[in-house]
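Have the sequence and the 3D view ready.

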Amino acid sequence: MKKQLSYFITLLILTFWSISPSFAQEDSGSYFDIGVKTGSFLPSKITGVSDLLPIWGVKLGHPVSDTLIFEYDFDFAHAKGVEYLNGYFSFRHNFDIGNTLPLFFLIGVDLHYYKRKDAVGSITGNITEFDRKFASGWHLGVGGETLIYGDFYGRADIRMGFSPGRQLTATLGLVLRL
């Protein structure tokens, strides 16, 4: 199954390279995206991490063509007894619907570092602390961005993560394009 999944991800990446008109640096312009975001993180099938968590994060991005952008994101959650850090790298492919609606598609890999909620014994009242864990995974996502003013863009993302367990992340953010 993992081998099939890696073939699928490789095929998607190669497909985006073939769709994009050019990957030369001079065609992409030289800008950088720096942004902040906030939203919700909904984990599933991650032991000890089961509640909807508020998150915030930072985002960096730079283009490699007119339609393909490399993005580096870091998300942070500390609520309900859970500490969750997620760093991920994404390929973002921009496209327009009807030359009016700017959207994008994301695919990438993540690194999770988390500490599950401590357990309290129901009879003894003893507290069991759990160690932090590392896990890796991958994600798919969609979203859109719109110009707000000058070099500021509003952005909305929905990202589905695979491994550990499943995660659904929805964020709203502000991006400064330099």
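The notes below go from the overall fold to a few individual residues.

## Ground rules

This is a predicted model: local features need pLDDT of at least 70, side-chain atom pairs count only at pLDDT 80 or more, and totals for chains, interfaces and linings use all residues. Residues are numbered from 1 along each chain as its sequence is written, and side-chain values use heavy atoms, with hydrogens and water left out.

## The overall fold

The protein chain has one helix and ten strands. Helices (H or I, at least four residues) and strands (E, at least two) are DSSP runs, numbered from the N terminus. Walk along the sequence and you get α-β-β-β-β-β-β-β-β-β-β.

Of the 178 residues in the protein chain, 40% are buried. Here, buried is under 20% relative accessible area, exposed is over 50%, and partly exposed is in between (1.4 Å probe, protein chains only). The protein chain exposes about 10300 Å², with 66% of that supplied by carbon and sulfur atoms; the areas come from the Shrake-Rupley method with a 1.4 Å probe, and for residues only the protein chains shown count as cover.

How about contacts, meaning heavy atoms within 4.5 Å? Among those in the protein chain with a separation of 6 or more, 53% are between residues 24 or more positions apart.

Lysine 80 sits in the loop between strand S3 (68-79) and strand S4 (82-97), and is partly exposed at 47% relative accessible area. Asparagine 99 is in the loop between S4 and strand S5 (101-115); with a relative accessible area of 72%, asparagine 99 is exposed.

Then there's a cis peptide bond, running from serine 163 to proline 164, with omega near 0°. Proline 164 belongs to the loop between strand S9 (152-162) and strand S10 (166-177).

Is aspartate 110 buried or exposed? This residue of strand S5 counts as buried, at 5% relative accessibility. Its side chain makes a polar contact of 2.4 Å with the side chain of histidine 139. A polar contact is a pair of N or O atoms within 3.5 Å; within protein, one must be able to donate a hydrogen and the other to accept it, and residues adjacent in sequence count only if both atoms are side-chain atoms.

Leaving out residues up to four places away in sequence, aspartate 110 touches residues including Asn86, Tyr88, Trp138, His139, Arg159 and Ser163.

How values were computed:
Contact = heavy atoms within 4.5 Å.
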